[in-house]
Amino acid sequence: MPSVGSYAQAVGRSGFRAISEWLQELPGPEVALHIGAPDLPSPAHVVAAVEQAVRRGTARYGPNRGEPELVEAIRAKLVRQNDVRVGTEQVFVTAGATQGVHLALSAILAPGQEVLVPDPGWPNYAMAVRSLGGVARPYALAADGSAATQLAELERAITPATHVIVVNSPGNPTGAVLSAETLHGLVDLARRRDLWVVSDECYESFQFTGPHLSPAALDDERVISCFSFSKTFAMPGMRVGYLVVPRALSALCLRLQEMAICCVNIAAQAGALAALEGPQQALTDMRTTYLRRRAGVTRTLRDAGIPYTDPQGAFYVFARVTAPPFGHDDKGGDWDWTRELLREKRVLVAPGSTFGARGGGWVRIALTADDEALAEGIARLVAFCHADADADASLTVPTGTADERRDPVGARPRPGPAAQ
């Protein structure tokens, strides 16, 4: 048998693959809080635009860069919302932010070069780097969720082989938002050390601490920006995102895009255009929903004495579950803890070490289940943490009206014993 590619072997597996294997041997979850896929419906006008495009006939190839109307709408949005002024030749419609990140790294990375990736952070960054023959090196985000990248440590992580810094704000899994001061410092560091910055901004619409700042607004010659319609408009399965590159990379990215995917689904692009140009009330409603869910979950965890980061954006809560008094002080124990939570309480969350070594001992709770299911899932999680204190009896979801039970703020589980 011929050999397989060495870079492909280096990619490794995502932790979510292991979770999928659990589900083949254990009872499936009654409450699934492990996947960051919005449970809210795609806006009606987006769905209608896709349906109309299909009826018109869209079984054709489109431009590699993207449908011209969508590319122009993206360019206008970048100017209007991000203070990023680019030409249409610098915009590429991608198959979600996942392919956008890979396209960006494909354009700038050579085998053996190093890429600094956030830890904890989305595991696909490192996977993409390794698939291209690069070396992924983690840099620490503030573990307490204060949103401050430790710039001194980041600079210490730079070696002669370092070529790229990956930034994700608001961040997955912690919900950390990098301050304007931090982003200015990070871009200045990249400028001084002659590095590229790849900025993943797929949660830009769910930043709750002030206006979103795009690093490309600070330096449009070395920052590559990835965006997504998946989170913002609750359309993850349509696989539409966009990449914004410096002018010097435009021709190269066009060739790479043609080779990699040719073009993004034409009907899905019609939905993306409707999302940008149509009513924005659905986006406002989504923000309100995630804020309400965040308030309910963090209040319940706080009342139960369970440590968590302070999520300032995105739609996750990162909770510390294996530290005393809830478990052994074992950073790797989050996998066993998560598996037992699934086995005993039928609730599934994502182990923190899926997102890097510094996530060990934590779990990511996605706020992407309906309010009633989320309240029930957090009640079970808290009861599991307090099992030794007979919390099953005292931490049930309170009775009340259907409307009360749908609101995790008003109908949160009763607090258990305080942490010792």
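## Notebook: loops, helix packing and strand contacts

**Entry 1**

I began with Pro173, which sits in the loop between strand 5 and helix 8. The model I am reading is a predicted one. I looked up the peptide bond that leads from Asn172 into Pro173 and found it to be cis, with omega near 20°.

I then turned to Pro170. This residue also has its place in the loop between strand 5 (162-168) and helix 8 (180-192). The bond from Ser169 to Pro170 is cis, and its omega is near -10°.

**Entry 1. The chain as a whole**

The protein chain holds 16 helices and twelve strands. It has 420 residues, of which 55% count as buried.

How much of the contact in the chain joins residues 24 or more positions apart? Among contacts with a separation of 6 or more, such pairs account for 73%.

**Entry 2. Two residues with positive phi**

I looked up Arg239 and found its phi near 55°, a positive value in a residue other than glycine. Arg239 is placed in the loop between helix 9 (229-232) and strand 8 (241-244). Is Arg239 buried or partly exposed? Its relative accessibility is 32%, so Arg239 counts as partly exposed.

Cys262 was my second case. Its phi is near 65°, again positive in a residue other than glycine. I located Cys262 in the loop between helix 10 (250-260) and helix 11 (266-277). Cys262 has a relative accessible area of 24% and is therefore partly exposed.

**Entry 3. Helix 12 against helix 14**

I examined how helix 12 (residues 281-303) packs on helix 14 (residues 371-385). The angle between them is about 15°, and their axes are 10 Å apart. Why are these two helices described as roughly parallel to each other? Angles under 35 degrees count as roughly parallel, so helix 12 and helix 14 receive that description. I noted that helix 12 passes helix 14 in a right-handed crossing.

I then listed the residues that meet. Helix 12 contributes Arg292, Arg293, Val297, Thr300 and Leu301. Helix 14 contributes Asp371, Leu374, Ile378, Leu381 and Val382. Sorted by kind, the residues of this contact between helix 12 and helix 14 are six nonpolar, one polar and three charged.

**Entry 4. Helix 13 against helix 14**

I went on to helix 13 (residues 334-345), which packs with helix 14 at an angle of about 115°, the axes being 11 Å apart. Helix 13 is therefore roughly perpendicular to helix 14, because the range for that term runs from 65 to 115 degrees. The crossing of helix 13 and helix 14 is right-handed.

Which residues make this contact? From helix 13 I wrote down Trp337, Glu340, Leu341, Glu344 and Lys345. From helix 14 I wrote down Arg380, Leu381, Ala383, Phe384 and Cys385. The contact of helix 13 with helix 14 divides into six nonpolar, no polar and four charged residues.

**Entry 5. Strands 3 and 4**

My last entry concerns Ala136 and Glu114. Ala136 is found in strand 4 (residues 135-140), whereas Glu114 lies in strand 3 (residues 114-119). How far apart are Glu114 and Ala136 in sequence and in space? They are 22 residues apart in sequence, and their C-alpha atoms are 5.8 Å apart.

I checked the exposure of each. Ala136, at 22% relative accessibility, counts as partly exposed. Glu114 has a relative accessible area of 12% and is buried, because buried means under 20%.

I then checked the surroundings of Ala136. Its C-alpha atom is separated by 5.0 Å from that of Val115, which is 21 residues away along the chain. Leaving aside neighbours within four places in sequence, Ala136 is in contact with Val115, Val117, Ala126, Val129 and Arg130.

For Glu114, I did not count residues up to four places away in sequence. The residues that Glu114 then touches are Val135, Arg137, Thr159, Ala161, Thr162, His163 and Val164.

Terms used: Residues are numbered from 1 along each chain as its sequence is written. This is a predicted model: local features need pLDDT of at least 70, side-chain atom pairs count only at pLDDT 80 or more; totals for chains, interfaces and linings use all residues. Side-chain values use heavy atoms; hydrogens and water are left out. Helices (H or I, at least four residues) and strands (E, at least two) are DSSP runs, numbered from the N terminus. Buried means under 20% relative accessible area, exposed over 50%, partly exposed in between (1.4 Å probe, protein chains only). Contact means heavy atoms within 4.5 Å. Axes are lines fitted to C-alpha atoms, for helices over the stretch in contact, and angles run from 0 to 180 degrees between N-to-C directions. Angles under 35 degrees count as roughly parallel, over 145 as roughly antiparallel, 65 to 115 as roughly perpendicular and the rest as oblique. A crossing is left-handed if the near helix is turned anticlockwise from the far one by less than a right angle, and right-handed if clockwise. Ala, Val, Leu, Ile, Met, Phe, Trp, Tyr, Cys and Pro count as nonpolar, Asp, Glu, Lys and Arg as charged, and the others, Gly among them, as polar.
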